[in-house]
Each structure stands twice: as C-alpha cells, then as structure tokens.
Amino acid sequence: MTQKVLLAIGTRKGLFLATNSGADWEVTGPHHPMTDVYAVAIDTRRDTPRLLAAVTSEHWGPSVAVSDDLGATWSEPDHAPVAFPEDTDTALARVWQLAPGPDSEPDLVYAGVEPSALFKSTDGGKNYELVRGLWDHPHRERWTPGFGGMAVHSVIPHPSDASRVTVAMSTGGVYVSTDGGESFSASNEGIKAYFLPDPFPEFGQCVHKIAQHPDRPDQFFAQNHHGVYRSDDGAHTWKSIADGLPSDFGFPMVVHPHRPETIYTFPLTADAMRFPPDGRCRVYRSDDAGATWTALANGLPAEGFWTAVMRDAMCVDDADPAGVYFGARSGEVYASRDEGESWTLVAAHLPDVLSVRAAVI
Amino acid sequence: MPVTVLLPGVLRAIADGQAKLEVQAPAPATLADVLDAVSERYPALGRRLRDESRGLRRYVNFYVDGEECRYLGGADAPVAADAEIQVIPSVAGG
C-alpha cells in the first residue's frame with residue numbers, strides 16, 4: 001500500500017502543498033502567496049510534523065512561518081523571527097535553509113541565511129539567534145556573493161551530537177563546528193575553485209549543496225559549482241565522484257533515506273550553459289557512493305526540457321520504498337515512488353520551484 | 001505630537017484592522033521617529049515597514065504629506081505635527 005506523503009513545494013510566488021491518494025496528487029495553494037520560499041522543512045520529530053517555511057516578500061521582507069496542522073494554519077511571531085543583532089549593522093535578506101536538529105534535541109532548528117550566517121532556534125523553529133562563531137569568523141570578510149547571492153544554503157546538524165554542525169555557503173565553502181557553534185573551521189581540502197588563482201584554496205569554494213546520511217555522519221556528498229565530491233572523514237578532505245556523470249555542474253545533492261551509499265543529483269551542462277545536457281530531463285543516481293552513476297528518465301521529458309533544478313528543489317521522503325521528488329524553474333514537479341525508477345508529474349505551471357521537502361504523514 | 005499613518009489594505013490585519021493609525025511622536029520628529037512609535041504599538045507591522053537595522057524596506061513607499069520621503073531625506077524626513085504619512089507598496093515584481 002502506498003504510504004501517504006506530504007510534499008511541500010516552495011516557489012518564487014508562494015508555497016504549495018501536495019498530498020497523495022494512491023498515485024494521484026492533490027495540490028493546495030498558494031500558501032503565503034507572493035513570497036519566495038527558498039526553504040521549507042518538515043520537522044518529523046513531533047507527533048504531528050511541524051512545517052517551517054522561509055517566506056520572503058519583496059515588499060514586506062523575510063520571515064519564517066510555522067504550521068502545526070500540516071499547513072491548514074500558520075503563525076509567525078510579532079517580531080522578526082530571524083534578525084541580525086543591532087551591533088552587526090546588518091539586515092536579513094532571506095532564509096535559505098531550515099534544518100531541524102538531531103532527535104535528541106527536538107526543539108533545535110538551524111537557519112542558514114543571506115547574507116552568509118547561521119541562526120539557531122531552541123524553540124522548535126519559531127525564534128532564532130545568530131550563531132556568533134560563524135559570523136565572527138575571520139574569513140567572513142572574504143566570502144563573496146555567487147550568482148544567486150551570498151548565503152549559507154546548507155546546514156547539516158550531526159544526527160546524534162548536538163555540538164557538531166556542518167554548513168556550506170556560496171561562495172565560501174564548507175565549514176564545520178564541533179563545539180556547538182562557538183567556532184568553525186574551513187573544511188574544503190580537495191574541492192576545486194577553478195575560478196580563483198589558487199584552484200585549491202583553504203576556503204572560497206562555490207559549493208552548491210552538501211548532503212549526509214544520518215547513519216554515516218562522517219560521510220558527506222557535495223555538488224559543487226563544477227565538481228561532485230565525497231568526503232569519508234567528516235568533511236575534512238574531499239575526492240571527486242564526478243566520473244560517470246554527463247557534467248559535473250548542477251545544484252542539488254540528495255541522499256537516499258535508508259541506503260547511505262545511494263545519492264541523487266541533477267546535472268546541468270555547465271556554468272555557462274545551465275540546461276540539462278541536450279535538453280533531456282534526467283536524474284542521476286549512484287548506488288555506490290559515487291563510484292558509478294545511472295541515468296533515470298522513465299516518465300521524464302526526453303527532450304525540450306530547457307530548465308533547471310535548483311539546489312533545494314530535490315528531496316527524498318522517508319517512505320519504504322523511498323520517494324524522490326524534484327521541481328523545475330519552469331514549474332513542473334515530478335515524483336518517483338520507486339526510488340527513481342519511474343516518475344510521474346505531480347504539478348505543472350507553478351511558479352519557479354525553489355525548494356521541495358517530503359515526509360510520510 | 002499627533003501624526004496619522006495610513007495603511008494599505010494588505011497590512012491592516014496586523015494593525016487591528018485599522019486603515020488609519022493615530023500615533024504620538026516627539027516634536028520635532030522624523031519619519032524614523034514615527035515608525036518607532038508604530039513599531040512599539042504594532043511590532044508585526046513595524047518589521048514589515050523597516051528591516052532590523054531600521055532601514056526602510058526597498059519596495060515600500062512613504063509619502064509625508066503627499067511627498068515621497070526619499071526626496072525629503074528618507075527615514076530622516078522631517079514630520080510636522082498633524083502630518084499624514086501614507087504607506088504604499090511600490091509597483092514592483094512580475
């Protein structure tokens with residue numbers, strides 16, 4: 001029997017929520033219309049999953065909205081839930097990532113933001129405080145904006161040790177804290193920054209996404225601005241796993257929920273050609289931690305797919321077999337309920353899809 | 001001194017449904033002073049008009065007695081007693 005899944009779809013103009021009944025999907029929304037939703041999270045550490053949505057209005061600014069009834073109603077605090085302290089003389093542009101913490105800390109939620117900074121919530125994602133260890137890092141003045149802005153877009157709390165958290169930013173690279181955010185160390189050895197005079201600097205890489213499976217907390221995967229990598233030593237050193245892909249450029253990187261060695265990405269041709277190779281819509285999966293790759297295209301457009309999948313617009317659910325989902329900038333959302341073997345269309349004609357997250361409900 | 005702030009429909013729900021706020025500002029006052037008074041009463045409204053560094057939101061226009069505040073000094077625009085400040089979202093986006 002197909003498990004019931006909630007799929008949250010963050011777009012350029014609001015949040016859409018899809019639930020399945022068998023193979024069919026019912027889509028509601030837009031929730032929070034006319035806000036861009038760069039980040040959405042489904043916090044499954046509660047009896048009823050909590051939805052968190054990073055909503056940014058061009059007019060009225062950024063916020064984080066929370067729902068404890070699967071999107072029927074939403075709440076926000078009166079004051080800004082994520083705000084830079086006065087002494088920083090900085091204003092939040094938007095939240096790029098919402099990451100629930102380990103099960104042992106059910107109220108811990110992290111937010112990665114633009115400009116590049118990390119915030120931490122200890123009340124389940126309603127209110128956040130700046131993590132000073134990253135903000136005060138001496139490298140910060142040399143982090144620079146990528147094409148989409150300068151933001152911490154990936155936050156991976158350690159699955160069992162609340163003192164450890166790994167973040168990634170564009171540009172800047174990967175940083176690791178082992179002391180609860182008091183300090184961070186650049187962790188980019190082996191990741192190439194071809195656009196810098198020193199192609200292997202300590203920091204400054206344009207990492208697009210990092211991912212980890214909770215059963216293997218020392219193994220990370222990265223989709224870079226050209227380059228696909230794996231680390232087997234807690235993000236200290238990285239080696240290329242791009243062989244077998246049609247391109248090493250792309251944005252998302254997702255790990256299978258039950259098999260740590262299975263990963264997914266969506267290659268684009270190149271930095272200067274941000275389309276799927278030949279306009280063919282294909283997800284790539286590796287079942288051996290990046291040693292080999294398989295194209296997955298059953299049910300996906302075989303031609304004319306001149307769009308892209310953004311860094312948070314691909315996800316998995318926690319079903320068994322696992323569901324895999326992605327959305328495109330052209331507003332289509334696809335789902336696979338068999339781990340990528342076949343795909344069906346969930347929705348079309350939505351605004352640009354920026355983020356997706358899914359969970360069994 | 002009294003100042004009137006006129007709100008667009010989209011913001012009224014977070015100001016107790018009011019279209020017109022009467023606030024008290026110190027004399028002499030600037031637009032920032034008026035917005036401080038608004039934020040104190042309605043923090044959810046205040047954060048939609050300014051960011052946390054007290055900067056005016058880029059796509060929110062404030063007309064002080066009919067004049068766009070950016071021609072009057074922005075947040076430092078002088079505001080007279082009994083002035084009327086109209087908040088209008090700018091025409092932006094696609």
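**Entry 1: a loop residue**

I began with A:T44, which sits in the loop between β4 (35–43) and β5 (50–57) of chain A. I kept in mind that this is a predicted model.

Next I looked up the contacts of A:T44. Setting aside neighbours within four places in sequence, I noted A:P49, A:D318 and A:A359. I also checked A:I361, which is 317 residues away from A:T44 along the chain. The C-alpha atoms of the two are separated by 8.7 Å.

**Entry 2: the strands beside that loop**

I stayed with β4(A) and β5(A). A hairpin joins the two strands through six residues. They run antiparallel, and I noted seven bridges between them. One facing pair I wrote down is A:A39, opposite A:A54 in β5(A).

How many residues of β4(A) are buried? Nine of the nine are, so β4(A) is largely enclosed by the rest of the structure.

β1 (residues 5–11) of chain A pairs with β2(A) in the antiparallel sense, over six bridges. The two form a hairpin with two residues between them. In this pairing I found A:I9 opposite A:F16 of β2(A).

From β2(A) I moved on to β3 (residues 24–31) of chain A, and this pairing is again antiparallel, over six bridges. A:N20 has A:W25 in β3(A) as its bridge partner. The hairpin of β2(A) and β3(A) has two residues between the strands, and there A:G22 takes a positive phi near 65°.

Then I asked why β2(A) counts as largely enclosed by the rest of the structure.

A reminder to myself: strands of a sheet pair through backbone hydrogen bonds, either parallel or antiparallel.

**Entry 3: a four-stranded sheet**

Further along chain A I looked up an open sheet of four strands, in the order β11-β12-β13-β14, with antiparallel pairing. Which strands stand at the edges? They are β11 (151–157) and β14 (185–186) of chain A; each has a single partner strand, so one side of each is left without a neighbour in the sheet.

The partner I checked for β11(A) was β12 (residues 165–170) of chain A, and the two pair antiparallel over six bridges. A:P157 has its bridge partner in β12(A), namely A:V165.

**Entry 4: chain A as a whole**

I stepped back to take in chain A, which has one helix and 29 strands. Its radius of gyration is 19 Å, close to the 21 Å that the globule rule gives for 361 residues, so chain A is as compact as a globular protein of that length. Its C-alpha atoms fill a box of roughly 50 × 45 × 40 Å along the principal axes.

I also noted that 53% of the 361 residues in chain A are buried. Of the contacts in chain A with a separation of 6 or more, 50% come from residues 24 or more positions apart.

**Entry 5: the nonpolar cores**

In soluble globular proteins, nonpolar side chains tend to be buried together. With that in mind, I looked up the largest nonpolar core and counted 107 residues in it. Which members touch the most other members? They are A:L7, A:Y325 and A:V356. The strand that gives the most to this core is β4(A), with six residues.

Leaving out neighbours within four places in sequence, A:L7 is in contact with A:A18, A:Y325, A:A335, A:V346, A:V356 and A:A358. Apart from this core lies another, of 24 residues, with B:V60, B:F62, B:C69 and B:I85 among them.

**Entry 6: a residue of chain B**

B:V87 is in strand β7 (residues 84–89) of chain B. I list it as buried because it has 20 C-beta neighbours inside 10 Å. Its contacts beyond four places in sequence include B:V5, B:L11, B:L49, B:V60 and B:F62. B:D65 is 22 residues from B:V87 in sequence, and their C-alpha atoms are 11 Å apart.

**Entry 7: where the chains touch**

Last, I looked at the contact between the chains, which takes 14 residues from chain B and 13 residues from chain A. Which element gives the largest share of the chain B side? It is helix α2 (residues 43–49) of chain B, with four residues. By class, I noted six nonpolar, three polar and five charged residues on the chain B side.

Notes:
Residues are numbered from 1 along each chain as its sequence is written. Chains are lettered from A and ligands numbered from 1 in the order in which they are written. This is a predicted model: local features need pLDDT of at least 70, side-chain atom pairs count only at pLDDT 80 or more; totals for chains, interfaces and linings use all residues. Two residues are in contact if their C-beta atoms, placed from the backbone, lie within 7 Å. Ala, Val, Leu, Ile, Met, Phe, Trp, Tyr, Cys and Pro count as nonpolar, Asp, Glu, Lys and Arg as charged, and the others, Gly among them, as polar. Two strands pair if DSSP finds at least two bridges between them. The radius of gyration is taken over C-alpha atoms; the globule rule is 2.2 Å times the number of residues to the power 0.38. A residue is buried if 20 or more other C-beta atoms lie within 10 Å of its own, exposed if 12 or fewer, and partly exposed in between; C-beta atoms are placed from the backbone. A nonpolar core is a set of buried Ala, Val, Leu, Ile, Met, Phe, Trp, Tyr and Cys residues joined through C-beta atoms within 7 Å.
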